[in-house]
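Hi,

Here is the structure I promised to pass on. Have a look, and below it you will find my notes.

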Amino acid sequence: MSFLRTAARLVLGAAMVGAGVTHLTTQREEFRAQVPGWFPLDEDLTVVGSGVVEIALGAAFVVLPRRRRLVGGLLAAFFVVIFPGNVAQYVEGVDAFGLDTDRKRLVRLFFQPVLVLWALYGGGWFRRRETPGG
C-alpha cells in the first residue's frame, strides 16, 4: 500500500472520528440545524446516529487496514447518502458552520464528491490489481 494512500486513509479516518465526536458534543446544535425539514426522523436522533456512524467508520478506517476497501466503500456510500442534507442546507438557506451565504453553501456541495473520491482512494479502490503470473 502506498504511503499517500495510507496517509489519506488515516487522515480521513481520524477526521471522521473527530467529526462524529462533535456530533455528540460541542457542535450538536449546528448539526441539528442541518437536518432537512423533510427528513422523517427526529433531528437529534439523526445527529446522534450519524455521529455514531462517523465514529465507527472513521475508527474502522484507521484500525482495520485489511478491511480498508470495504470501509472505504462504506464511507463513500455514507457521503453519498448524506449529500441530500447538504443540498437541503443550500436550498433552504440554513446557516451553520460558517456557511452563512448561498455562495458558501453552494461551494460546499462541490466538496462532497471530493470526500467520496478520498474515501475510495484511501480504501484502495483505484489501485491496479496485479494479474496472476504477471
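Let me start with Leu64, which sits in the loop between α3 (43-63) and α4 (68-92); helices here are DSSP runs of H or I with at least four residues, strands are E runs of at least two, and both are numbered from the N terminus. Leu64 counts as partly exposed because its relative accessibility is 39%, where buried means under 20%, exposed over 50% and partly exposed in between (1.4 Å probe, protein chains only). Together with Leu10, Val62 and Val63, Leu64 forms a nonpolar surface patch with about 300 Å² of accessible area. Areas come from the Shrake-Rupley method with a 1.4 Å probe, and for residues only the protein chains shown count as cover.

A note on the source: this is a predicted model, where local features need pLDDT of at least 70, side-chain atom pairs count only at pLDDT 80 or more, and totals for chains, interfaces and linings use all residues. Residues are numbered from 1 along each chain as its sequence is written, and side-chain values use heavy atoms, leaving out hydrogens and water.

Now the whole protein. It has 6 helices and 0 strands, and its C-alpha atoms fill a box of roughly 55 × 30 × 25 Å along the principal axes. Of its 134 residues, 33% count as buried. The accessible surface is about 8100 Å², with 67% belonging to carbon and sulfur atoms.

Best wishes

How values were computed. Patches are made of residues with over 30% relative accessible area and no salt bridge: like charges are joined within 9 Å, nonpolar side chains (Val, Leu, Ile, Met, Phe, Trp, Tyr) within 5 Å. A salt bridge is a side-chain nitrogen of Lys or Arg within 4 Å of a carboxyl oxygen of Asp or Glu.
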